[in-house]
Amino acid sequence: MKPKQKILESSFALFREKGFQATGIAEILDKAGAYKKTLYDHFKSKDDIGFEYLNYLSEQQRVVMLKVLAKANNMSDFIEKWVNFIVRNQRNTSRKDCPIALFSGEISHLSQFDAYRNKAVHHVLETVETCILNFSPNLRPELVKALSYELYMSYLGGLRLYALTKDRKVIERMKSQMIASAERVVKS
């Protein structure tokens with residue numbers, strides 16, 4: 001593996017495990033088996049790695065949603081499978097929540113991340129729109145956009161509440177709410 005890739009993978013694992021603020025350059029270098037010069041050959045600062053992390057997280061969300069979309073029979077089935085995948089994946093991490101929301105919350109006071117955070121969120125929203133259009137290609141554009149926001153807000157809020165309570169009923173309620181939203185908009 002190339003040094004840049006080792007640094008990114010090590011950073012991403014540490015950011016997910018400990019958080020951006022709690023991860024130091026020395027830890028990244030140690031985990032990657034790299035030297036400081038190597039890091040600075042590829043990145044100006046830890047912030048640059050954080051920018052890459054946001055891009056990575058939004059692309060991972062897209063990949064997951066498109067894989068789920070390929071196996072879904074309808075919008076309700078897509079929502080069910082998407083949420084189930086996310087919850088299964090969360091079992092393997094100590095930091096429960098949407099990774100983009102978790103990271104964004106940590107860096108919300110750092111204005112240099114604003115454009116990157118917004119880009120990551122919009123990338124996910126565009127992917128949700130793609131999924132909606134797959135099942136409802138004739139839905140008016142403003143309804144597609146409104147539904148994508150509603151689904152993503154339900155997803156973010158549901159995962160946050162689940163992270164706080166560890167109550168599986170929260171996930172079931174989130175799924176039901178998302179499915180009801182989709183059905184309501186598609187019928188209009």
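I began with Phe-20, which is buried because its relative accessible area of 2% falls under the 20% cut-off. I keep in mind that this is a predicted model. Next I looked at Phe-15, which counts as buried too, at 1% relative accessibility.

I then counted the aromatic pairs, and the structure holds 14 of them. How do the rings of Phe-15 and Phe-20 sit relative to each other, edge-to-face or stacked? Their centres are 5.1 Å apart and their planes meet at 65 degrees; that angle is over 60, so I noted the pair as edge-to-face.

**The overall fold**

I stepped back to see the whole protein. The C-alpha atoms fill a box of roughly 60 × 35 × 30 Å along the principal axes. Of the 188 residues, 46% count as buried. Among contacts with a separation of 6 or more, 67% join residues 24 or more positions apart.

**The nonpolar core**

Which residues touch the most other members of the largest nonpolar core? I listed Ile-49, Phe-78, Ile-79, Trp-82 and Phe-103, out of 58 residues in that core. The elements giving two or more residues to this core are helix H1 (3-18), helix H2 (25-32), H4, H5, H6, H7, H8 and helix H9 (168-187). H4 supplies the largest share, nine residues. For background, I jotted down that nonpolar side chains tend to be buried together in soluble globular proteins.

Leaving aside neighbours within four places in sequence, Ile-49 is in contact with Ile-7, Leu-8, Ser-11, Phe-12, Phe-15, Ile-28, Leu-39 and Phe-43.

**Helix H7**

I checked the length of helix H7, residues 114-135. At 1.5 Å a residue, its 22 residues should span 32 Å, and the end C-alpha atoms are 32 Å apart, which agrees. The buried residues of H7 are Arg-117, Ala-120, Val-124, Leu-125, Thr-127, Val-128, Glu-129, Cys-131 and Ile-132. What covers them includes helix H4 (46-71), helix H5 (75-90), helix H6 (99-107) and helix H8 (141-165).

**A buried lysine**

Is Lys-175 buried or exposed? Lys-175 counts as buried, because its 3% relative accessibility is under 20%. Its place is in helix H9. Beyond its neighbours within four places in sequence, Lys-175 is in contact with Ile-79, Glu-80, Val-83, Asn-84 and Arg-168. I also noted Gly-158, 17 residues from Lys-175 in sequence and 8.6 Å away in space, C-alpha to C-alpha.

**A record to compare**

Last, I looked at the UniProt record, where an unreviewed entry lists residues 24-43 as "DNA-binding region". In the model, the chain over residues 24-43 is 75% helix and 0% strand, with its end C-alpha atoms 14 Å apart.

Key. Residues are numbered from 1 along each chain as its sequence is written. This is a predicted model: local features need pLDDT of at least 70, side-chain atom pairs count only at pLDDT 80 or more; totals for chains, interfaces and linings use all residues. Side-chain values use heavy atoms; hydrogens and water are left out. Helices (H or I, at least four residues) and strands (E, at least two) are DSSP runs, numbered from the N terminus. The expected span of a helix is 1.5 Å times one less than its number of residues. Buried means under 20% relative accessible area, exposed over 50%, partly exposed in between (1.4 Å probe, protein chains only). Contact means heavy atoms within 4.5 Å. A nonpolar core is a set of buried Ala, Val, Leu, Ile, Met, Phe, Trp, Tyr and Cys residues joined through side-chain atoms within 4.5 Å. Rings of Phe, Tyr and Trp (its six-membered ring) pair if their centres lie within 6.5 Å; planes under 30 degrees apart count as stacked, over 60 as edge-to-face and the rest as tilted. UniProt positions are given in the numbering used here, feature names are shortened, and annotations may be inferred rather than shown by experiment.
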